[in-house]
Amino acid sequence: MKLSAVERASCGLTEEGPDDLEALPDGTSSDAAIAALRSRQFGRGLHVTRVARHAVAKLRAGAPELAEGGRLGLILATERGDQAVLARRTADVARQMSLGERAPTDLFRAIAYFPVGRVARSVAEKLRAWGPVASVPADLDRARTLAEVWLSSGRAEQVVLVAADPTADGATAHATAELWLGAPRTDAAPSLAVASFVKQTHQSEGVSCAELAGQVIGTLAPVSGRRTALVVGSMLADAGESLFAEICPRDPGPPLAATVRSLAGRLGFSEVFVLVGSSGACMTALGLAQDLIALDQVDSAVVCGVDLVHGALAQGLGLLRCDDLPHMRGGASALLLQPAAPDGGRPILQACSLASPPIPPQSSVAMDLAGVPTCLANGRKPSHVVLSGLSSLDLECAEQLAGHVWPDAPISSRGDMRGVGDDVLHLAGTASSLDLPMGIAGVHSLGGTGCCLLT
């Protein structure tokens, strides 16, 4: 079928461009044709996802020793992922906001791919990596250090590191994939005491993500002479505010990663890791804290989770108007963790297990949990389990994960209020007011799936 010049222009095509609609059956309405064409144009715009998947496919074809499943980890190092897909449509976003209309399908998908974790999930599916999965800023040195930690601690037997970002003109993207192998130096994660917990609820429209993180990190500065790591996790960091600043001119605030590194240097942290893009980044961060202490790289660790829920994120969620819209809270939480002393009188974080089994497309399909251990390292069973997840499908899968790891343990909370950056830390920090031992099972489609036990 053929479209009019106006209809073609609405899809971003020139009059002379290819029709791309020959596969559609005769009689297809122009509205349906436009929707189909926009969907195809959207798919072509996911440059980072496409080249990253191509890079890991090429790596798998040329590396017969490359494993798959729960012992293969993935690290995606990228500055913005495919956020440009939505950034190019700021005018559409602004118009939908002003009209209060529901987002069209292609804009809905652009919003869904805005978190970097969505790119990591797509690459993990292509790679069949069901071990730990993390997305980090485009800092290859820190990404490689993370890979070494996972391998040395036995968190993964192999790690694939993918670096991917758009080209300067945004017309395409480039990606590389590296396979990391190593022999574990330790496979026993220590029990960590929650030595301190700080929470800051997000209330001010004027505060940035970096400033909010700084408020809680600053209260947990390292003791002189004590090696302390800082691990910060966030789903969107400053990306949402940067987009919002293009729609409604305003100062988006300082970038999170750079601010964290600067703050860490000023306060005296010995190691710094920033995990950006995963809604469950703090579960990954807790496992990383255990690994760093187990390897004797640090004496203690501060784990911080932070995200804002206003501006672009709140407006974007409002556009979706879906039945499963998360009731999310913004804020920052931080835990100071150190090796547990006997009878310390504080909640103890036991083994934190990270696994990323594929999430089925609907709740009626069971997760494939064959490669997930049926118990944590110490074999203890919680008296109750709380669930963590961003969507209702995430939470239903988290319940399946909890039933697999801790059969018959009752579910006490299904995560009715979800913090996008700090929900697991908030649960761990307030565990002393709850019945212990308590299990936390989290499934996050944007990354950060795992479970841990507090005693």
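A: Start with burial: a residue is buried under 20% relative accessible area, exposed over 50%, and partly exposed in between, using a 1.4 Å probe on protein chains only. Elements are DSSP runs numbered from the N terminus, with helices being H or I of at least four residues and strands being E of at least two. This is a predicted model, where local features need pLDDT of at least 70 and side-chain atom pairs count only at pLDDT 80 or more, while totals for chains, interfaces and linings use all residues. Residues are numbered from 1 along each chain as its sequence is written, and side-chain values use heavy atoms, with hydrogens and water left out.

Q: What does the overall tally look like, in helices and strands?
A: The protein has 15 helices and 16 strands. Of its 455 residues, 55% are buried.

Q: Which residues of strand 16 are buried on each side?
A: In a regular strand, side chains alternate between the two faces of the sheet. Here one side of strand 16 carries Gly450, Cys452 and Leu454, the other carries Cys451 and Leu453, and all of these are buried. That is five of five residues in strand 16, which spans residues 450–454.

Q: Which strands pair with strand 16?
A: Pairing takes at least two DSSP bridges between two strands. Strand 11 (residues 348–354) is joined to strand 16 by four bridges and runs antiparallel to it, with Leu354 opposite Gly450. Strand 15 (residues 438–442) is also antiparallel to strand 16, with five bridges, and there Ile440 faces Cys452.

Q: What covers the buried residues of helix 8?
A: Contact means heavy atoms within 4.5 Å. The buried set in helix 8 includes Leu146, Val149, Trp150 and Leu151. Their cover includes strand 1 (72–77), strand 3 (158–166) and helix 12 (281–294).

Q: How much space lies in the second largest pocket?
A: Rolling a probe the size of a water molecule over the atoms shows where empty space is left. On a 1 Å grid over the protein atoms alone, a cavity is a set of points where a 1.4 Å probe fits but cannot get out; a pocket is an open set with protein on both sides within 12 Å along at least five of seven lines; lining residues have an atom within 4 Å of a point. The second largest pocket holds about 640 Å³. Of its 31 lining residues, the closest to the centre are Arg71, Arg155, Ser353, Leu354 and Pro373. Strand 11 gives the largest share of that lining, four residues.

Q: And what lines the largest cavity?
A: The largest cavity, with about 180 Å³ of space, is lined by 19 residues, and Arg121, Ser356, Pro357, His444 and Ser445 lie nearest its centre. Helix 7 (residues 116–127) gives the most to this lining, with five residues.

How values were computed. Points joined across faces, edges and corners; volume = space filled by probe spheres on them.
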